Structure formats: structure tokens, C-alpha cells
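Hi,

Here is the structure I promised to pass on. Have a look at it first, and then read my notes below.

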Amino acid sequence: VNALSNRSEDELLAAAQAGDRLAFEAAISPHLAMLLAYSRAICGDFHAAEDVVQETALIAFRQLHRLFPEVDFATWLRGIAKRQALAARRRLAKLVLIDEALELAYADAAPAEDRDTERKALASCLSRLGPRVGRIVEQHYREGLALAEVASELNMSVGAVKVAMYRARMQLKDCVQALLRRKGDE
Amino acid sequence: MTCAEAWQNLSNLLANEAESAEVDALETHLAGCAACQELAVDLYYQDRLLIEELAAPRAQRLARRIHGRLAKSRSRRWRRWGVLLATAASLLIAVTYLLVRSHKKDETAAIADAQGDVQVVDAAGQRGAATEEFTPGRSIRTVGDRSRAAVQFSDASRFLLGANTSLQWLARDAEAPSSSQAKQLYLQAGSITAEVAAQPPDQPLVLTTPHAEIVVMGTRFQLAASTESTHLEVKEGSVQFRNRASQQMVEVNAGGQATAAPALDLRVIRAESKGSFGPGVRGVFFAPNATHAHALVQTQPTEAATLVDLGSRGSIKLVTPPTHLIRAAALSRDGKVLATGGTDKAIYLWNTADGAQLGILAGHQGSLRGLVFSPDGKTLASQDDAGTVRLWDFTEHKELGSLGQVSVATSGLPAFSPDGGTLAIPNPSARETVRMFDVATRQPIATLGDYDPATRRVRRAVCLAFAPNGKTLAVGVMDLGSSPDGTAIVPEGVRRGVDLVDLKSGKKRTLFETPNEVWSVAYSADGTTMAAACNNLFNLWDVRSAQLLAEFSNTGIYTSAVFSPGGQRIAALDASRTTIDMWELVKP
């Protein structure tokens, strides 16, 4: 595994195309969290998204011969995941503008280091959410609970959880922007 | 809707808690609010980072699941190593052979590349390895799913043989006239991709299959032959394609496809030049006696829609209100009335001659998802996101009645029988495939297919089309496999395809199966050809012989297909890019 982790994605994919399953697993592994987020954004819940990502991995391994060198691996994986996820939620295929927002959010225009910085800022902001709102975000994103389940756990109404989640998103957005701005000023 | 309401809706959508109407309202709001579009990207990005940050254990568990699933195919990996070693050995031998051979003879071809089990068989049936010369009278066979071979002729023509392919170089007749001294090959089965160098004017390359004869002067094409049919796809130049059974012959040009089989009329299907139109297309129609399609275009909900004649490129403006983001549209059978249904739950009727608004049909409680005019020109059926179907007298602008919530929200659109007397509704409940209603009484008259308790399978209809003679109903189906205890749906068991149901006997036969979603099916006017929009693939099938006539692909999602009244043109809507692609169908 250590030997694999030292190899570049291109090297891993070349080995995977020759049938090396472990090399494929090492190549896809850094993209799994992104694929999970992307698939969940389309098909709604974590369980369905996990099935989509697993199926995506199997299809990708079978069809590696179709991955041409000029194609970005992550983009290619998202294309497969999208077809699988849309099958579960086909009406979203007609929502042009929402789909555009989704694609832009995953297009990775910024360098990976910037994303790491943003992720750290987000982690810091998460700790600043109030205990109740923090639990809602944690239970939804970490535990994969639907908002109705979160509401039941916390003895709240679903409507109240929806509003709390909305406020948490806005608070996190403002907080992350402030932290990044401060870092930029430094 | 205010921006704050849009943000709340977006937050709900991200949590999978948004109602369908909320999503539609959000989409409409985004179209007119650049700031909210930016916020939508930000929140999707935040959602992504939250999952990447908080759901890391989930991703690790997923990695273990994938590891387990891939491990099951481990044996395949060892087979692949075997094939690789064999390939390397074959390549080494082939290269050595090519180096040793200093002078190519006209009557030989070199096996420039071989993967897997590749055999050269002489006229007596003696098998040799891929190192043998390929000469007239001999055959090359690729055996096994992973076998491949590349054959290079001395005139630089190159043939790539796919898996399980048998290609024979027919021996020349010494006494035959020079005109028959052309290179003659016989593709018994399998597939080839050929790049044929320019042949002498009187000596074209002749390639025969069990069903077809192809005469080539120099071009690039793909050919696939099976025991049932031969399928040709021309990439460059043109080739003559003859059906051996009927002796019909057609010329197939670049971008064209044709299929030959017993009892199959030859048809060439080619992508029409400048065949794409869009984006912003919400519907595509053919008016009666029209050869060119009309496209309904609305790029922004706040902008007026236009009806564009794709022949003359002339357009008619429809002054749609800002709230009317068009989600469904249909053209009446006489081509005079266009109906549009939107996220504002209203149906607008338009005069196609001058774009004048003829009336508004109100009553739906959800966004409109589908509109269908009856072939007898009397009735309009409408379906909303909640699955409620209503019938309208569109000339009098009044509702005839509601069939109620008779379709689950994820299923396809209703279809009228050719006489307009029956309306078929797909997927009316979890245990029915299709329910038929008498349009006059609005009462159910029949149910097709149902839940099979033995296999615990729920058969879903995703789209419907009546044959022009009204005797057959084409049903796009999706069978959902269920877990052994019947409590959960499992992806492994999903089966998709199109069944043809004889409405008199109830018997059904499968026209085709596909791994893709079948979004829409349409019969040609003569009922011989069926167009199927299946995600990124657009297929044409011969209904009688169940032969695939053509398959075109793009990167979007084809969701609907329409034939021109004469059946020569086909237009398909790509809903993900809101564009139209078009094809022309030519009979000899």
C-alpha cells in the first residue's frame, strides 16, 4: 500500500488499466469523499449515494480502457456517477440552473491547496456553531440522518430543523469568508 | 419569491427535503437572479466540503466495500495477466516476424498486432498461430472476449478485428476476368473496423457477410456481423451496401448507418447536416405534412418563448408571462394550436400562425410535467408533478374532468390510442404497469401487467406509445429487482428495455433491453420503426425483426423523440443541454 501511495495518479491508472485492482483502488480512493458528496447532492440521501459511488467504482474499473489520457480522472468519475445518480432521481435532469450550480461547485477551478485551506476554515467555523445547531449539522452530515430523523432525535419539529440548518449554512458561509479574508490580509 | 425564500429552498434541496414545487420555484428564481446563482454554487460547494470533512469515515467504509466488490473479480485479474503474457509473447513473435520479412508480397497481409487467442486457419482447416501469413484462402479468427487482431495489407489497408471474429480472404479464381481480381473478404461473424486505402478503379474491395455485401473504393468504416444481422457504420467516404436477401442496395455516406438482415428493408440512417439546434429548447414537434421540425425555445423564464421553424429558421414569438417557465409542450394534430405547461401550474394555448394567446387552462395544483393532444384533435391531456391527469376540451377552453392522481410522480407521460378513445397511463400504482381509461367516460377499462409475488418484482412503465394501428402498445419498462425478503430494491436486479404488448391477446415480446433508462419511445407513421431515447444513446429499431437499425450517442440525456409525419426525419430532444439532434432516414 505504501508503495502504491508514492505513485502518481497517472502511474496508478496505467497499472490499473493493465488490471491491477489495488492500483485502481489507490487511484480512486482520494476521490471517494468528493464522489459521495456529489452523488448525494444529486440523489438526496447518503445510503443511495453510497450505492451510486460503489457502482461508479465498479463501472469505472470495468471501463478503464475508455479513460483517455486527456480526460481528468475525477471529471470522468463524476460523469459515471451522474448517470447512476440521475437514474435514481431523473427529474433533476431537467433543472438546468440547479445542475449548473452543482457542476460549478465540483469543477475544481481553484487549486487543491485552496480547497484544503477552505476545509480547515470550515472545520474551525463548525466548532463555532451553537451546540444545538452544531448537533443538527453533525447528525445530518456525519451520521447521514435525514432531517426528519434529526428532528426526532432532538425532539424538534422538522420545520424548525430545516430553518436551523438553513441558518447554519449561512453562518458557516459568512464565517468561512471572514476567516479566508483575514488570512488573505495576513 | 424573495431571495431569502430561494435560499431556504436551496438549503432544503441540499438536505433532500425540498418539495417539488419548491425546487421548481427555485429554478425559476435562479433564472432571474445572478446573486442567487452565485450563492447556489457557494452552498453546493459548502455542502461538498461538509461531506468531505465530516463524512470521511463513510468514505473509508465505502473504500472497503469497493475493495470487497472488486476482490470478487480477482480471478478475472489473473486471467487478464494470462492474456497480457500471451499478448506480449504474440507481439514479440509478430514483431520478429515482421523484421525477418523484408519484402511484402501483394498476396499477403501481416498480422501487425494480436491480443489473446488469434489463429490463422488455412483452406484445409489447419490451424496455425498468429505468426502464419494471412493469404488468399486463409482465415483469421480471434477467439475469446479479450482477443483482438490488426491486419495490415500491402496496399496499406488496415483491418482491426474485434473479439470472436472470423475473417476469410477468399481465394481468387485464376480464370476469372481481371475485374473480379479485386480483394474479396468474407466476415463470417464478429466485428471489424476497416481503413481501406484507395483501390484501383475497376477493382473495389468486396467484403461479404452472411447478410450483406459491401463494395469499397477506399474509406473508413465499422462493420459488425452476427448470425442475425450485419450492421454498418461509415466514418469517412462512402460504401455501397447490399442486402443479400432482397438484393436492395444503398449508398451509405460518412456518418450514416445501415443494417441488413433477412426480412428487413434496407434503411440508411444518417445524422442530418447541421442537425443540432439549441440551447433553450423546451419541445420539438412536426406539423402535419411538414418535413422540418419546429422547436419551442425559452432560454430564460422571464423571456418570451419562440416557436422556430427549423427549415426556414423563421420564428414566432409567444408572449409568455415571466412566471411561465415551460416544462411541457405539445402541438395539436392539425398543427394550429400549441399548448405549453409551466412551473406556474397553468396551461397556455397559442395560435401557431401568429403567436396569439388563445386561452389559459387552470386547475392543476402542481407544475405541469406533460401535455398530450389526442390524435382525433378533440382532447388535451395534462399531467402535473403530483401525477394528477386532467382532460380538456382545448377548443372550448374547458376542463372535461380529472382522472385523479393516477400516476406516480417519477413515471412517464400518458399516451392516447390512435382513435383518441383510450388514454393509457403509465405506472398508476406500485403494483400496476399501465392503466387504460375510456376518454369519454373517464373510467378505467383495463390494466396491463402487475406485481409478480413469485419474483417479488415490481414492473414499472417509464414511457408508452401506441402503434399507429392501435393494436400494440410499446411500453418502456424498468423492472426493479428486490432483496430476498422483498423489503428493499436492489440495483443488481434492474432490467430496462421496451416491451411490445398485443392489446388483444395481452401477449408481450421484448423489442430490446438496454442498461440505460428508456425515457421515450415513438413509432414511425408506418409502424415499422421505433425510435427510443435512452440517456446518452438514441436508438432506432426495426419493430418486426427487432433489429437495431442505428445507434447514435452524445454526452447529454435524450428524453424524447419524434418522427416527421412522413417518417423520413427524426428529432430528439436532449433535455440536459436543451438541444435537438436530428437524423434522416433514407430508404432505397
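Before the details, one rule: a salt bridge here is a side-chain nitrogen of Lys or Arg within 4 Å of a carboxyl oxygen of Asp or Glu. Please also keep in mind that this is a predicted model.

With that rule, look at Asp47(B) and Arg40(A): their closest N and O atoms are 3.3 Å apart, so the pair counts as a salt bridge. How many salt bridges are there between chain B and chain A? The count is six. Over all chains, the same rule gives 19. Polar contacts between chain B and chain A come to 19 residue pairs, with both residues at pLDDT 80 or more.

Which parts of chain B supply its side of this contact? The elements that give two or more residues are α1 (3–14), α2 (20–32), α3 (34–54), α4 (56–71) and α5 (74–100) of chain B. Of these, α3(B) gives the most, with 17 residues. Sorted by type, the residues on the side of chain B that touches chain A are 32 nonpolar, twelve polar and 20 charged.

Now for the extent of the interface. In general, the size of an interface is often given as the accessible area lost when the parts come together. Here chain B and chain A bury about 6700 Å² between them, and 60% of that is on carbon and sulfur atoms. In chain B, the residues that lose the most area to chain A are Arg48(B), Leu54(B) and Arg58(B), together 11% of what that side buries. As for residues, 64 from chain B and 67 from chain A take part in the contact.

There is also a salt bridge within chain B to look up: the side chains of Asp24(B) and Arg327(B) meet at 2.5 Å, N to O. This pair links distant parts of the chain, with Asp24(B) in helix α2 of chain B and Arg327(B) in strand β19 (residues 326–331) of chain B, 303 residues apart.

Last, a helix pair in chain A. Helix α2 (residues 9–17) and helix α3 (residues 21–28) of chain A pack at an angle of about 145 degrees, their axes 7 Å apart. The crossing of α2(A) past α3(A) is left-handed. On α2(A), the contact is made by Glu9(A), Leu12(A), Leu13(A), Ala15(A) and Ala16(A), and on α3(A) by Ala23(A), Phe24(A), Ala26(A) and Ala27(A). Those residues divide into eight nonpolar, no polar and one charged.

Cheers

Conventions. Residues are numbered from 1 along each chain as its sequence is written. Chains are lettered from A and ligands numbered from 1 in the order in which they are written. This is a predicted model: local features need pLDDT of at least 70, side-chain atom pairs count only at pLDDT 80 or more; totals for chains, interfaces and linings use all residues. Side-chain values use heavy atoms; hydrogens and water are left out. Contact means heavy atoms within 4.5 Å. Buried area is the accessible area (1.4 Å probe) that two parts lose on being put together, summed over both. A polar contact is a pair of N or O atoms within 3.5 Å; within protein, one must be able to donate a hydrogen and the other to accept it, and residues adjacent in sequence count only if both atoms are side-chain atoms. Helices (H or I, at least four residues) and strands (E, at least two) are DSSP runs, numbered from the N terminus. Ala, Val, Leu, Ile, Met, Phe, Trp, Tyr, Cys and Pro count as nonpolar, Asp, Glu, Lys and Arg as charged, and the others, Gly among them, as polar. Axes are lines fitted to C-alpha atoms, for helices over the stretch in contact, and angles run from 0 to 180 degrees between N-to-C directions. A crossing is left-handed if the near helix is turned anticlockwise from the far one by less than a right angle, and right-handed if clockwise.
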